[in-house]
Amino acid sequence: GFLDGPYLHKSLVFIRIGKPSQIKMEEVLNSMEQGSKGLTTSLKLLESCLEEKQIRSSDPNAIAVLADYKMFLRSRNAKVLQTALRCLGELCVTIGPGSIAHVTTIIPQIIERLGDLKQKV
């Protein structure tokens with residue numbers, strides 16, 4: 001029945017039940033889907049997940065965030081870029097060898113941004 005699933009009804013509000021790391025990473029993905037409007041929010045959520053050590057290497061949402069990580073590197077805000085680069089390093093360490101395939105697609109954009117003469121990172 002309904003109560004056997006991942007959702008619980010409480011006071012007419014449906015609450016997602018799952019591991020805290022999965023829920024937070026889902027929030028990161030949801031805010032990433034909002035494009036530039038959700039960029040800062042998703043980066044803050046990601047930073048929080050990393051600081052609280054809530055991400056597991058087996059979390060498919062963490063891999064999905066890494067797969068779409070280029071969006072963070074498109075920002076023209078130097079502080080956002082610095083935070084994004086720091087989080088990228090931490091995320092790769094957390095995910096481990098599974099991050100290699102995604103990082104190889106991100107490296108050219110990192111190099112391009114670091115070499116940007118108009119805006120220093």
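How many residues does helix α2 have, and how far does α2 reach from its first C-alpha to its last? Helix α2 covers residues 39–51, so to speak a stretch of 13 residues, and reaches 18 Å.

This is a predicted model, in which local features need pLDDT of at least 70 and side-chain atom pairs count only at pLDDT 80 or more, while totals for chains, interfaces and linings use all residues. Residues are numbered from 1 along each chain as its sequence is written, and side-chain values use heavy atoms, with hydrogens and water left out.

Here are two helices side by side. Helices are DSSP runs (H or I, at least four residues), numbered from the N terminus, and the expected span is 1.5 Å times one less than the number of residues.

| Helix | Residues | Count | Reach | Expected |
|---|---|---|---|---|
| α2 | 39–51 | 13 residues | 18 Å | 18 Å |
| α5 | 78–95 | 18 residues | 25 Å | 26 Å |

Just after α2, K53 has a positive phi of about 55°.

Now to α5, where V80, L81, T83, A84, C87, L88, L91, C92 and I95 are buried. Seen down the axis, these residues fall within an arc of 165° (taken from the directions from the axis to the C-beta atoms), so they line one face of α5. They pack against α2, α3, α4 and α6, with contact meaning heavy atoms within 4.5 Å. On the other side, K79 and V93 are exposed, that is, over 50%.

G96 follows α5 with a positive phi near 85°.

How values were computed:
Buried means under 20% relative accessible area, exposed over 50%, partly exposed in between (1.4 Å probe, protein chains only).
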